[in-house]
2 protein chains.
Amino acid sequence: MKSDLVKLVDDATAGGPRSLRAAARLMSVITDQPQRLGELLAGSRHWTEPRLVLGVTGAPGSGKSTLVDHLAAEYRHRYPDGRLGIVAVDPSSPYTGGALLGDRVRMMRHATDPHVFIRSLASRGQLGGLALGAKGVVRVMGLIGCDVVIVETVGVGQCEVEIAQNADVTMVVLAPGQGDSIQMLKAGLIEAGDVFVVNKADRPDAVRLQQQLLSALRLRQPAPVGDPSHNAWPTQIEQQVFLCSAINHKNIAEVVDYLEGLEIGSELGWQCHRRELVVTEVRQALAHEITQRIERLLGHSHQVERRFAGLLNGSASVADLADELLDELAQEARLRKPATEPYKPERGGVAAAAV
Amino acid sequence: MKSDLVKLVDDATAGGPRSLRAAARLMSVITDQPQRLGELLAGSRHWTEPRLVLGVTGAPGSGKSTLVDHLAAEYRHRYPDGRLGIVAVDPSSPYTGGALLGDRVRMMRHATDPHVFIRSLASRGQLGGLALGAKGVVRVMGLIGCDVVIVETVGVGQCEVEIAQNADVTMVVLAPGQGDSIQMLKAGLIEAGDVFVVNKADRPDAVRLQQQLLSALRLRQPAPVGDPSHNAWPTQIEQQVFLCSAINHKNIAEVVDYLEGLEIGSELGWQCHRRELVVTEVRQALAHEITQRIERLLGHSHQVERRFAGLLNGSASVADLADELLDELAQEARLRKPATEPYKPERGGVAAAAV
């Protein structure tokens with residue numbers, strides 16, 4: 001029995017206008033239930049992937065959106081028949097529950113281009129889910145033949161930077177007048193980026209910012225081996241700094257030349273990096289699934305308070321509470337099993353095919 | 001039997017120089033093992049809390065650190081005998097594993113003040129842990145008699161904003177030249193703040209930014225009731241905008257007047273808000289504990305790949321993997337129980353006292 005997701009994948013890869021509707025539906029499913037990314041990964045080896053996934057991050061006001069807009073225009077100019085995807089990750093509006101129109105307004109000139117696919121993602125308070133959702137959308141864009149996918153995040157918080165790093169290449173956008181080099185260091189941008197763009201190059205202090213950045217890159221400490229936060233992938237590319245003026249389309253072609261020169265599809269190092277990203281995706285999907293089960297089990301505030309009473313009066317520890325919860329979750333899983341699972345995988349993960 | 005943490009708490013509240021050493025040790029324990037915050041919460045009803053916890057957030061370069069520095073000076077001037085805590089949350093350096101000295105350099109004038117306690121927290125890649133660690137440090141600062149604690153975050157990512165919102169009052173710092181009002185909206189700052197400071201008021205476009213901010217606040221949609229991301233606490237204060245120049249100490253006294261007028265310690269609404277924050281803390285400590293157990297169980301990359309093989313070849317789903325993991329974790333907890341647990345809490349949380 002095929003799942004609804006696999007059917008949508010079949011439709012999305014079949015071509016024609018129906019395929020785009022199926023892709024849009026797939027994106028909605030994956031952003032609403034990010035843990036289902038696992039199902040998308042399941043068949044992913046046989047599906048097309050984007051040639052390049054570019055993550056773009058930088059502080060609000062650095063001109064990221066404008067840069068992405070012009071990078072997209074340059075790619076469209078070079079590959080008139082290619083498809084391009086843009087994922088705008090906007091963790092902003094946890095309260096209103098929807099992405100803002102700002103980016104879409106700016107991207108108006110691409111909005112009517114049938115070769116460009118734009119998807120905005122807002123968070124609704126769950127950043128883990130947002131990162132997974134973004135990965136799912138990138139995967140679906142690959143399915144429908146997008147060669148290049150640009151993932152742009154708003155904000156320079158650690159989560160946003162991590163989303164931008166779930167890519168082949170991470171681009172950090174900076175602009176003069178946004179704070180000195182200590183500020184860049186503080187925001188963790190030096191370590192996060194493979195490529196740096198100093199935007200708004202027509203401003204007087206742009207060159208000074210470029211110099212500060214180059215010094216900071218030279219001073220950069222190598223990541224300690226064995227540190228769990230350390231991305232084990234041996235960096236294939238040296239960090240690069242470009243001076244651009246996105247709004248005047250200045251030096252945009254040079255940035256694209258550079259990206260095109262990386263040969264991500266053919267080199268072994270890049271392929272290993274992508275494989276590691278997939279394992280990370282599964283880990284995150286798993287964590288998201290378990291977190292959601294915990295939240296369901298904990299339920300509403302008044303129930304939680306009763307459950308936490310032991311802890312707050314000092315008679316139980318967090319470890320005790322965790323033991324209790326895990327026991328309940330395991331029982332729940334055992335009870336649920338025969339009813340909803342079409343097949344029963346053996347311990348070890350390799351199981352008989354679905355009935 | 002008292003735990004090491006309870007002993008440290010006793011020492012920290014005893015007074016004298018030994019108490020400060022114990023407090024510093026407590027802060028280290030809680031930032032290294034954030035899930036132990038639960039143990040600190042256990043006795044928290046009998047311990048002193050800060051009169052005001054102020055969260056401060058804003059984009060890098062907005063002059064947050066300078067503002068915090070001047071707010072601290074103003075508080076020290078008004079309450080020469082009071083103690084003040086500053087927690088600088090710096091999720092920046094996941095690779096180098098330590099906070100930068102930038103803030104400490106700026107805070108030099110407070111560094112030699114025996115009434116001011118400064119603690120920097122860096123993330124090492126785990127933001128959940130960072131948020132919990134910051135709360136633990138605030139609690140310890142309360143223990144040693146800090147009346148006011150300022151929690152400053154670097155960056156305006158959603159995680160950083162959430163850390164700043166784990167406070168009585170959340171202050172958002174903005175500066176002219178950092179992007180227009182759409183950028184503020186995109187960064188989710190309008191909904192996040194109780195108090196807004198437009199800093200660098202001597203710059204020509206500061207007043208325009210203040211106007212944009214006031215319009216944005218007027219347009220702000222109320223949070224939909226029932227939305228899980230909605231903080232259910234009925235806001236006690238109307239959102240306020242101040243025009244300051246931190247570096248010239250201009251209007252700093254007005255901001256402190258305003259904060260002092262809120263009477264957080266005595267009003268019921270604030271107390272309910274604080275109680276909700278405690279429940280959130282326990283939830284987060286629990287999630288952190290379980291996440292860590294999962295990570296330990298999953299172990300290293302090559303083991304993970306084997307475990308994930310079923311998923312990647314399409315024979316198992318994320319839900320199957322989650323069932324499997326939860327079962328193993330529950331078994332592990334049952335096996336561990338008699339050896340390491342000094343007491344056995346009954347289901348429901350209310351248990352006999354520890355032996």
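Is Glu49(A) buried, exposed or partly exposed? With a relative accessible area of 41%, Glu49(A) is partly exposed, where buried means under 20% relative accessible area, exposed over 50%, and partly exposed in between (1.4 Å probe, protein chains only). This is a predicted model, in which local features need pLDDT of at least 70 and side-chain atom pairs count only at pLDDT 80 or more, while totals for chains, interfaces and linings use all residues. Residues are numbered from 1 along each chain as its sequence is written, chains are lettered from A in the order in which they are written, and side-chain values use heavy atoms, with hydrogens and water left out.

**Chain A overall**

- Chain A contains 15 helices and seven strands; helices (H or I, at least four residues) and strands (E, at least two) are DSSP runs, numbered from the N terminus.
- Of its 355 residues, 57% count as buried.
- Among contacts in chain A between residues at least 6 apart in sequence, 77% join residues at least 24 apart, a contact being heavy atoms within 4.5 Å.
- The accessible surface of chain A is about 15000 Å², and carbon and sulfur atoms account for 54% of that area; accessible areas come from the Shrake-Rupley method with a 1.4 Å probe, and for residues only the protein chains shown count as cover.

**Salt bridges**

- Side chains of opposite charge can pair when their charged atoms come close.
- Over all chains, the structure holds 29 salt bridges, each defined as a side-chain nitrogen of Lys or Arg within 4 Å of a carboxyl oxygen of Asp or Glu.
- One of them joins Glu49(A) to Arg274(A), with the closest N and O atoms 2.9 Å apart. This pair links distant parts of the chain, 225 residues apart: Glu49(A) lies in the loop between helix 3 (37-42) and strand 1 (52-58) of chain A, and Arg274(A) in helix 13 (residues 268-298) of chain A. Arg274(A) is buried, at 13% relative accessibility.
- Another salt bridge is formed by Arg293(B) and Asp323(A), at 2.7 Å from N to O. The pair crosses between chains, from helix 13 (residues 268-298) of chain B, which holds Arg293(B), to helix 15 (residues 318-340) of chain A, which holds Asp323(A). Arg293(B) is buried at 2% relative accessibility, and Asp323(A) is buried with a relative accessible area of 5%.
- In chain B, Arg78(B) and Asp257(B) form a salt bridge whose closest N and O atoms are 2.8 Å apart. The partners are 179 residues apart, Arg78(B) in helix 4 (residues 64-78) of chain B and Asp257(B) in helix 12 (residues 252-260) of chain B. Arg78(B) is partly exposed at 29% relative accessibility, and Asp257(B) is partly exposed at 44%.
- Salt bridges with shared partners join Glu49(A), Asp168(A) and Arg274(A) into one network.

**Aromatic rings**

- Four aromatic pairs are found over all chains; rings of Phe, Tyr and Trp (its six-membered ring) pair if their centres lie within 6.5 Å, and planes under 30 degrees apart count as stacked, over 60 as edge-to-face and the rest as tilted.
- Among them is the stacked pair of Tyr75(B) and Tyr79(B), at 6.3 Å centre to centre with 20° between the planes. Tyr75(B) is buried, at 3% relative accessible area, whereas Tyr79(B) is partly exposed at 33%.
- Arg51(B) lies over the face of Tyr79(B), 5.2 Å from the ring centre; a charge sits over a ring if NZ of Lys or CZ of Arg is within 6 Å of the ring centre and within 35 degrees of the ring normal.
- In chain A, the charged end of Arg51(A) sits over the ring of Tyr79(A), 5.2 Å from its centre.
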